[in-house]
Structures are given as C-alpha cells and as structure tokens.
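Subject: Structure for your files

Hello,

The structure we discussed is pasted below. My notes on it follow directly after.

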Amino acid sequence: MSFLAILRATLAKDLLLEWRSKDAINAMLFFSLLVVVIFSFAFDPTAEESRRIAGGLIWVAFLFAAVVALNQTWARELRNQVLDAYRVSPAPANPLFLAKAVGNFIFVSVLEALMTPLFVMFYKLRPLGPAWELIPIAILGTWALVVNGTFFAALSIRTKSREIMLPLLLFPISIPALLGMVNATSAILTGEESAKFWIALLLAYDVVFTLACLLLFETILEAE
Amino acid sequence: MPTPPIVVADGVIKQFGRFAALRGVTADFASGRLYVILGDNGAGKTTLLRTIAGLAQPTRGTISVLGSKEIKSVRAQIGYMAHPSLLYDEMSGMENLRYFAGLYGIEDDQSANQRCREVIASVKLDPELPRPVGQYSQGMRQRMSLARALLNDPKLLLLDEPFSNVDSRSAQEMSGLLAQMRNRGKTLLVVTHQPGILESVADEFVWMDAGKIVDRTAKLREGTR
C-alpha cells in the first residue's frame, strides 16, 4: 500500500467531512471576523500606524483562529473512536499526520484568502515593500502554524482539557515562527527593511519542525 | 488433530495507573475456532481484546498473535470491531468502507468497490444506501461496523459486543455469518453479554473475572444465557 495513496485518501476524507459538517471553517471565519471588527473599533490608527501593527494583528488573529481548526482535526477522529480503526490497520502513521496537516493548511489558507481583503480594507493597508513576498510568507507562516498545531493537537488528544492544552503547548513553540511572520509582514508593509532574513528563518523553522513531527508522530499515535 | 494457537498470552498484566485491568492472563487460542469471552463489567474482556489487537500494550507479560510478538507486523490479518462503531457519522457506509479499504491496501477502484459491496451485503445491508452512518439505527451501525472489521478478510477477528442493540433476527443472522467464517478457518474472539446467541455455534466459552481467565468450558453454564 502506498504512502501517497493513504495520504490522498485521508485528505479527501477530511475535506469531505469538513465540507459536510463545516465545523472548523465556520468557527474560524466567525472568530477572525470578530477580531477584525473589534480591533478596528478599538483602534483608529493612521495609515502609517496601521502598517506597523497590522502584521502582528493579522497573524495573531490567524493563529487563534487556526487553533479552532486544529482542535476539530482530531476531535472528529475521537467520535466513535474512529482513530482506533486507523491504529489497527497496517497503514503507517505519517500519511495520517501529513494529510491532517495539509488539510489544516487548506482550511487556514481559505480563511486567510477570505480575511486578508477585509484586513486591507479595515486598516487601509498598502504595502510599500515588494508585495509578492507576502505569498511565501503566507505559505511558510501558515505551514509553521499547522504542522506544529496538528502535532500538538494529536499530543493533547487524550487529555481531559485538550482545548486548553493545545494553545498552552502550541503558542510557546510557535514564538520563533510568529516573530518571523510578523516581522516579515511588517517589513513589507512599511518597506523599511528587507524581509529576506525572516523568510529564511521561517523556511528553516518549517523544515526542522516538519521533520521532528514526522519522526515523533508514530509514538504519539501508538500511545494509549 | 489439535490446531496450532493463533493467539498466545503469557502472564499478561495491564495496568491503568493503579488499577489492573488484566492480572496475569495466560491462555492460548487455537486457529479456526470461535471463542466467546464472558464476564461481568470490569472483568477485563475489552482490555484483553484491545491488547490482542495491539491497541493496548501489556504492562507485563507478552502477547503473540499469528506467531509474532510484534503485533504491528500482523495487523493486516486482524479484524477488530469495538463497542463504538469506528465509523465516520457524516459518511455513508460505502464511503466509510472505501476509505478503510485504502488503509488495507485495496486501492484499485474496481476491486475496492467490489470488496466493500460484498462485505456490506454479507451483513445484510444495502451497499447503495446513501444515508450517512450517523442516521443509521443502532443495529444497522453495528452491522456496518462488523462489515468494516471483515473488510480485509482477516484470519483473526476480534469482536467486542457485536450484538448490542441488534434485534434478535439480525443477531441470529450475524451469528450465522460468524459461524460461516469459523467454518472457513477464521478464528473469532467474541466478547458478549448475550452468549445465548452464539451457544449453538461457539467452540468454547472463556470466563473472565477481575482481570483473569477463571474458566474455559465447551458448553454454556446453566443460567448464563
């Protein structure tokens, strides 16, 4: 049985489940929308101030919203103990992990695609640096959030208060990535410095944590 | 001629914190036989089944399945039906089984569809039923859960409460299906609180109490049906 076939089948199954239940995407959208609207009422920044704070606001909103999707990822495997059906099968662990991470990447990317225009509109954002660099920042930053998030959500799956446990585990370890995302985004919005160092940091972070998660996931899955 | 054991448990202890669910289970189960595991709630029946399936690791002692102590390596030959359905409520029976077929390496569309239809039909359900499993009756869900366990044509079938919430006619049909499987050389370990359903087809009744196997009988005791 091939690694890719299991990955594809698990991803397709997760997308189908999300399409039918809309558990994660609705909660994420609602949460992000609240952040945009509340912050825009709370602050009344000038265009210059907006450029300085928007990077932080955007990524913190996406980070908090992503936690909703990440909790849902494994919650649906716990209903009816379906995860046990995967565990008793001869399928290897890593396609499951990667399918979940890619699924979360798609959900959070959809959220970002929908919410970014609203951020731009509410905060009157116009990048002064090379705008195209926002694309690798979004891809690398989103992957950094979901790869660790998927892993730590799996780790906290059997704890009683897993919805609290996930942010407690995820946020501290995401600090280097969050710094990279926020500084890179701010650098492009203000045009004051190059974002290349932060993009390289994000890339290194993604590689290291993806490998670490892949190496450790089987132990997490087999744990009782 | 005695058949070789397919499951061998040697002094298996399973502890959850300070609670010992299994307290030194030593037993073997021969291939091609249908065993019914009985006992009160908390006797350790489900834990024994989960340990044999590789879902729980013994705290002490060893379990060997199909000649291997590394259960992971023989998973393709084990079928496991738990008390919960192990199915996605939002997907139809066929969609569920198609996904699980992929996990067992049945990837080709045509053979996967054919195999899924076969096992769904074998538990007397309609493979074309488009309804999500979440809208099935409890009995239908149990039968679909059995179909999932049969998907990989396992040599060893572990069934935890397969008849709970199943009407008596369906339970008799399921019992007949299990007997057919035993006659085809499969080994079945069935945990149930309704042993009467399997009385005529079981080869042996295994009695558990307080985490131990306390007796093994060829016939069901009076008053336990």
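In chain B of this predicted model, β1(B) pairs with strand β4 (residues 60-65) in the antiparallel sense, over five bridges. Strands here are DSSP E runs of at least two residues and helices are H or I runs of at least four, both numbered from the N terminus; two strands count as paired if DSSP finds at least two bridges between them. Within β4(B), Thr62(B) is the bridge partner of Asp10(B).

β1(B), residues 5-16, also pairs with strand β2 (residues 19-30) of chain B, antiparallel over nine bridges. Gln15(B) has Ala20(B) of β2(B) opposite it. Two residues lie between the strands of this hairpin, and Gly17(B) takes a positive phi near 65° there.

Two conventions before the rest. Residues are numbered from 1 along each chain as its sequence is written, and chains are lettered from A and ligands numbered from 1 in the order in which they are written. Because the model is predicted, local features need pLDDT of at least 70 and side-chain atom pairs count only at pLDDT 80 or more, while totals for chains, interfaces and linings use all residues.

A parallel pairing joins β5(B) (78-81) to strand β6 (residues 156-160) of chain B over four bridges. Tyr80(B) stands opposite Leu158(B) of β6(B). Ile78(B) and Tyr80(B) point one way from β5(B), Gly79(B) and Met81(B) point the other way, and all are buried. Buried means that 20 or more other C-beta atoms lie within 10 Å of the residue's own, exposed means 12 or fewer, and partly exposed is in between, with C-beta atoms placed from the backbone.

His83(B) sits in the loop between β5 and α2 (93-103) of chain B. His83(B) is partly exposed, because 17 other C-beta atoms lie within 10 Å. Leaving aside residues up to four places away in sequence, His83(B) touches Asp160(B) and Glu161(B); a contact means C-beta atoms, placed from the backbone, within 7 Å. His83(B) and Asp160(B) are 77 residues apart in sequence, yet 5.5 Å apart in space, C-alpha to C-alpha.

Chain B as a whole has five helices and nine strands. Its radius of gyration is 17 Å, close to the 17 Å that the globule rule gives for 225 residues, so chain B is as compact as a globular protein of that length. That radius is taken over C-alpha atoms, and the rule is 2.2 Å times the number of residues to the power 0.38. Buried residues make up 48% of chain B. Of the contacts in chain B between residues at least 6 apart in sequence, 69% join residues at least 24 apart.

The largest nonpolar core has 140 residues, and those touching the most other members are Ala66(A), Leu202(A), Ile37(B), Leu158(B) and Val190(B). Such a core is a set of buried Ala, Val, Leu, Ile, Met, Phe, Trp, Tyr and Cys residues joined through C-beta atoms within 7 Å.

The contact between the chains takes 22 residues from chain A and 26 residues from chain B. On the chain A side, α1 (3-21) and α4 (82-87) are the elements that give two or more residues. α1(A) gives the most, with eight residues.

As for confidence, chain A averages a pLDDT (the predictor's per-residue confidence, from 0 to 100) of 89, and 99% of the residues score at least 70. In chain A, helix α2 (residues 23-42) is lowest at a mean of 84, and α4(A) is highest at 96.

Regards

Definitions and conventions: Contact = placed C-beta atoms within 7 Å.
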